[in-house]
Amino acid sequence: MYTDFELMNWFVSEYPKHAKGKLDMGKSCIRFKNLKNIPFELLGTLTTKITVDEWIAKYESEIKR
C-alpha cells in the first residue's frame with residue numbers, strides 16, 4: 001500500500017471511521033493489538049481496491065529493480 005499514495009491516503013483517512021485506537025502500520029503490515037478491534041469490513045474494502053495482477057505489476061516496476 002505504501003507505494004500507492006492514493007490508496008494509502010484513503011486507508012489512513014478511513015481507518016479512524018472503522019476502528020478504535022491509533023493506526024499502527026509498517027511498510028508491509030498493519031498491527032492489531034486486540035483481535036476484537038480488527039476492522040474486517042474496512043480490510044475487505046481495501047482488498048477490492050487493487051487486484052493481485054495490479055499489485056504484482058506495481059511491485060515489479062517500483063520495488064523489484
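Guide: W55 and Y59 are four residues apart in helix α3 (residues 52-63), so about one helical turn separates them. The model is a predicted one.

Visitor: Why are the rings of W55 and Y59 called a stacked pair?

Guide: Rings pair when their centres lie within 6.5 Å, and planes under 30 degrees apart count as stacked. The centres of the W55 and Y59 rings are 5.4 Å apart and their planes meet at 15°, so the pair is stacked.

Visitor: What does a position in a helix have to do with the way a residue points?

Guide: An α-helix has 3.6 residues a turn, so residues three or four places apart point the same way.

Visitor: Are W55 and Y59 buried, exposed or partly exposed, and how do you know?

Guide: Buried means under 20% relative accessible area and exposed means over 50%, with partly exposed in between. W55 has 44%, so W55 is partly exposed. Y59 has 32%, so Y59 is partly exposed too.

Visitor: How many aromatic pairs does the structure hold?

Guide: The structure holds three. One of them joins W10 and F11, with ring centres 6.4 Å apart and planes at 50°, so that pair is tilted.

Visitor: What makes F11 count as buried?

Guide: The limit for buried is under 20%. F11 has a relative accessibility of 0%, so F11 is buried.

Visitor: Which residues of α1 are buried, and what covers them?

Guide: The buried residues of α1 are L7, M8, F11, E14 and Y15. Their cover includes β1 (24-25), β2 (30-31) and α2 (40-48).

Visitor: Why is E14 called buried?

Guide: E14, which lies in helix α1, has a relative accessible area of 17%. The cut-off is under 20%, so E14 is buried. The side chain of E14 is also joined to that of H18 by a polar contact of 3.3 Å; the limit for such a contact is 3.5 Å.

Visitor: What makes K49 a charge over the face of W10?

Guide: NZ of a Lys must be within 6 Å of the ring centre and within 35 degrees of the ring normal. K49 lies over the face of W10, at 4.6 Å from the ring centre.

Visitor: How do you know that the span of α1 is close to the expected one?

Guide: Helix α1 (residues 5-18) has 14 residues and reaches 20 Å from its first C-alpha to its last. At 1.5 Å a residue, the expected span is also 20 Å.

Visitor: Where does K36 lie, and is K36 buried or exposed?

Guide: K36 lies in the loop between β2 and α2. Exposed means over 50%, and K36 has a relative accessible area of 78%, so K36 is exposed. The C-alpha atoms of K36 and K20, 16 residues apart along the chain, are separated by 10.0 Å.

Visitor: What pattern does the protein chain follow along the sequence?

Guide: The pattern is α-β-β-α-α, from three helices and two strands. Of the 65 residues of the protein chain, 17% count as buried.

How values were computed:
Residues are numbered from 1 along each chain as its sequence is written. This is a predicted model: local features need pLDDT of at least 70, side-chain atom pairs count only at pLDDT 80 or more; totals for chains, interfaces and linings use all residues. Side-chain values use heavy atoms; hydrogens and water are left out. The expected span of a helix is 1.5 Å times one less than its number of residues. Buried means under 20% relative accessible area, exposed over 50%, partly exposed in between (1.4 Å probe, protein chains only). Contact means heavy atoms within 4.5 Å. Rings of Phe, Tyr and Trp (its six-membered ring) pair if their centres lie within 6.5 Å; planes under 30 degrees apart count as stacked, over 60 as edge-to-face and the rest as tilted. A polar contact is a pair of N or O atoms within 3.5 Å; within protein, one must be able to donate a hydrogen and the other to accept it, and residues adjacent in sequence count only if both atoms are side-chain atoms.
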